[in-house]
Amino acid sequence: MQRRRPLLLLSTVMFFVMSGFGIIIPVLPFLAEEVGATPLELGLLMAVYSLMQLLFSPMWGQLSDRYGRKPVLLIGITGLSLSFFLFSAAETLMMLFIARLLGGALSAAAMPTVMAYAADVTSPDERGKAMGAIGAATGLGFICGPAIGGMFSQTNLHLPFAIAGTLSTATALFVWFVLPESMRPPIANQPAGRQRSREMMKSPLLYLYLLQWTATLALAGLEATFAYFADRRAGLGSVELGYIFMMMGIASAFVQGALLGRLIKRFGEGRVLQGGLAVSALGFASILLVQDFWTAALFLSIFGIGNGVIRPCVSSLITKQAAGRQGSAAGLLSSFDSLGRIIGPIIGGGLFSYMAGLPYLFGIVLCLVGAGLYRLFAVRSQARRLLP
């Protein structure tokens with residue numbers, strides 16, 4: 001029970017954080033259009049958030065190793081809240097960019113700190129289950145948020161941002177008063193952050209970081225192109241696509257929250273990870289056969305189930321091998337994830353413009369590359385253990 005309570009609190013925090021984040025997703029393009037943004041400027045507005053996450057996630061992870069998880073997590077959630085309130089008051093494109101840049105830089109503290117916190121409060125045997133539970137809470141928040149944002153945007157485009165800011169402020173207060181610090185005491189004599197990052201990049205962990213990058217690259221390419229593909233193949237509109245992505249999110253969250261812990265306990269993270277890559281590849285192949293709403297929902301859910309187990313398994317494997325450096329390891333992982341989200345839509349869009357099914361064929365290739373990267377990680381790790 002002593003271990004479960006912090007994990008339950010942490011999952012609650014991530015649910016509310018992602019709900020607040022998700023509220024703005026369906027509204028931001030319309031707010032940007034209202035202040036006169038061009039399609040290119042809107043694309044840049046979306047991209048700078050991931051760029052800030054790429055740049056700042058390692059720093060926040062390292063700081064959480066030195067000074068504790070709770071203060072860094074509070075910075076992340078408070079920064080997210082501040083950016084939402086800036087959005088709610090924004091009347092110019094420059095204000096939108098300032099809010100987006102600030103939100104990306106500060107909220108980059110949240111995810112790596114949460115992953116490190118989960119590693120602090122769980123044993124190695126429970127690690128995969130914990131990462132799956134947090135992934136499920138994150139996914140459910142991401143499902144609920146856009147629905148709330150779409151509903152309140154009918155009143156005023158600025159209102160969803162004010163609601164998201166209020167929700168994030170409440171979450172920060174919850175962390176402050178309820179969530180205990182997981183490091184006792186915080187480690188203040190860690191080696192330099194850059195040194196830790198270089199050590200991890202030279203270790204077998206590099207293959208896991210690259211694996212996560214390929215998985216995110218594939219996912220981001222799908223997210224950027226599936227609306228166009230579904231319209232061409234089945235004439236599906238925005239309403240149908242909203243339901244399809246919701247079903248995909250629910251399927252992924254269910255597997256992460258209800259089944260992942262049992263699967264890892266029986267087969268281990270490595271086999272489950274490889275199974276997730278295989279199911280993702282199957283999902284990509286199935287998407288090429290989409291004919292109507294139901295086939296689109298089924299095939300995208302298959303992909304979502306496979307892709308959904310990858311990040312928790314990778315996080316579990318990395319934090320197990322980064323004892324005392326979980327924050328640095330999780331921060332570096334978030335950077336690779338952000339890099340995939342920056343590059344993925346560009347590659348996916350370019351491939352789609354050449355041939356509609358090409359992004360999904362490329363996704364299959366990326367899954368095979370991911371499987372190869374895991375094998376390299378396993379071989380290198382085994383070789384290191386055999387060395388005297």
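This is a short talk on the overall build of one protein model and a few of its residues.

First, the ground rules. The model is predicted, so local features need pLDDT of at least 70 and side-chain atom pairs count only at pLDDT 80 or more, while totals for chains, interfaces and linings use all residues. Residues are numbered from 1 along each chain as its sequence is written, and side-chain values use heavy atoms, with hydrogens and water left out.

Let's start with the whole protein. There are 15 helices and zero strands. Both are DSSP runs, numbered from the N terminus: helices are H or I with at least four residues, strands are E with at least two. The C-alpha trace spans about 60 × 45 × 35 Å along its principal axes.

Now the surface. The protein exposes about 17200 Å², and carbon and sulfur atoms supply 68% of that. The areas come from the Shrake-Rupley method with a 1.4 Å probe, and for residues only the protein chains shown count as cover. Of the 388 residues, 52% count as buried. Buried means under 20% relative accessible area, exposed means over 50%, and partly exposed is in between, with a 1.4 Å probe and protein chains only.

Next, contacts. A contact means heavy atoms within 4.5 Å. Take the contacts with a separation of 6 or more: residues 24 or more positions apart account for 86% of them.

Some examples. Ala 215 sits in helix α10, residues 205–234. Ala 215 is buried, at 8% relative accessible area. Not counting residues up to four places away in sequence, Ala 215 touches Asn 307 and Ile 310. Ala 215 and Phe 336 are 121 residues apart in sequence, yet 10 Å apart in space, C-alpha to C-alpha.

Glu 34 is in helix α2, residues 28–34. Leaving aside neighbours within four places in sequence, Glu 34 is in contact with Leu 157 and His 158. Glu 34 and Leu 93 are 59 residues apart in sequence and 9.3 Å apart in space, C-alpha to C-alpha.

On to helix α13, which covers residues 310–320 and holds Thr 319. Ser 315 lies in helix α13 too. Is Ser 315 buried or exposed? Buried, with a relative accessible area of 3%. Outside the four places on either side in sequence, Ser 315 is in contact with Met 115, Met 131 and Leu 333.

Thr 319 is buried as well, at 4%. With neighbours within four places set aside, Thr 319 is in contact with Ala 119, Arg 127, Met 131 and Gln 326. The side chains of Thr 319 and Arg 127 make a polar contact of 3.1 Å. A polar contact is a pair of N or O atoms within 3.5 Å; within protein, one must be able to donate a hydrogen and the other to accept it, and residues adjacent in sequence count only if both atoms are side-chain atoms.

Now the rings. The whole structure has 11 aromatic pairs. One of them is Phe 15 with Phe 16: the centres are 5.4 Å apart and the planes stand at 70 degrees, so the pair is edge-to-face. Rings of Phe, Tyr and Trp (its six-membered ring) pair if their centres lie within 6.5 Å; planes under 30 degrees apart count as stacked, over 60 as edge-to-face and the rest as tilted. Phe 15 is partly exposed at 25%, and Phe 16 is partly exposed at 34%.

Tyr 374 and Phe 377 form a tilted pair, 6.0 Å centre to centre with 45 degrees between the planes. Both lie in helix α15, residues 358–386, three residues apart, about one turn of the helix. Tyr 374 is buried at 10%, and Phe 377 is buried at 4%. Ring pairs also link Phe 226, Phe 229, Phe 245, Phe 284, Phe 303 and Tyr 360 into a cluster.

Last, the cysteines. Cys 144 is partly exposed at 33%.
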